[in-house]
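Q: Hey, I've got a new model open and could use a quick tour. Can you walk me through it?

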Amino acid sequence: MARSSVKLIRAIRETARRIQRGDKYAWGHMGSCNCGHLAQTITGYSKGKIHGAAMWRYGDWREQLRDYCPQSGLPLDEMIDQMLELGLTREELSHLEMLTLPAVVEHLPADRQHLKHNVREDVVLYLHTWADLLEEALPTKVATPKLQVPAHLELV
């Protein structure tokens, strides 16, 4: 699972909100699909800029993620860098495109575990479920070392 952080959870939830409120969604467009929308949120780039960056190399997000090279200098690889720096993994992004990350799917409502990758409402449900899982993984307590209290300072 992704390296959970408040910033990542906010990005996923913001992406879900944008898609839910009616932002242009088109699964066949590299900047308006599942990964494209998350890339918009994380990078701040427009759907057109993301789509244009993807045209430097062949394939959809899954193929682009498979061929990703941090030293390539390709525009989409630089966008993927930003997504990975936030704590995501290439595997999770590939699963996002098809709504199939096992950890997320098993936490979906029983009657909704067979999502369609290109249906707006299914994408929104998947994103919210994923954010919920990441939120659960956030550390709730920070471990602090036990302090030795001198006897004269102990509370009775």
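Q: Which residues in H1 meet H8?
A: Leu8, Ile9, Ile12, Arg13, Thr15, Ala16, Ile19 and Gln20 do, and their partners in H8 include Val123, Leu127, Trp130 and Leu134. Contact means heavy atoms within 4.5 Å. The helices are DSSP runs (H or I, at least four residues), numbered from the N terminus.

Q: Where do these numbers come from?
A: This is a predicted model, where local features need pLDDT of at least 70 and side-chain atom pairs count only at pLDDT 80 or more, while totals for chains, interfaces and linings use all residues. Residues are numbered from 1 along each chain as its sequence is written, and side-chain values use heavy atoms, with hydrogens and water left out.

Q: OK, back to the helices. At what angle do the axes of H1 and H8 cross?
A: Roughly 160°, and the axes come within 9 Å. Axes are lines fitted to C-alpha atoms, for helices over the stretch in contact, with angles from 0 to 180 degrees between N-to-C directions. H1 and H8 are therefore roughly antiparallel (angles over 145 degrees).

Q: New topic: where does Tyr68 lie?
A: In the loop between H4 and H5.

Q: Is Tyr68 buried or exposed?
A: Tyr68 is buried, with a relative accessible area of 12%. Buried means under 20% and exposed over 50%, using a 1.4 Å probe and protein chains only.

Q: And what does Tyr68 touch?
A: Arg57, Asp77, Ile80, Asp81, Leu84 and Arg90, not counting residues up to four places away in sequence. The C-alpha atoms of Tyr68 and Ile80 are separated by 7.9 Å.

Conventions. Helices (H or I, at least four residues) and strands (E, at least two) are DSSP runs, numbered from the N terminus. Angles under 35 degrees count as roughly parallel, over 145 as roughly antiparallel, 65 to 115 as roughly perpendicular and the rest as oblique.
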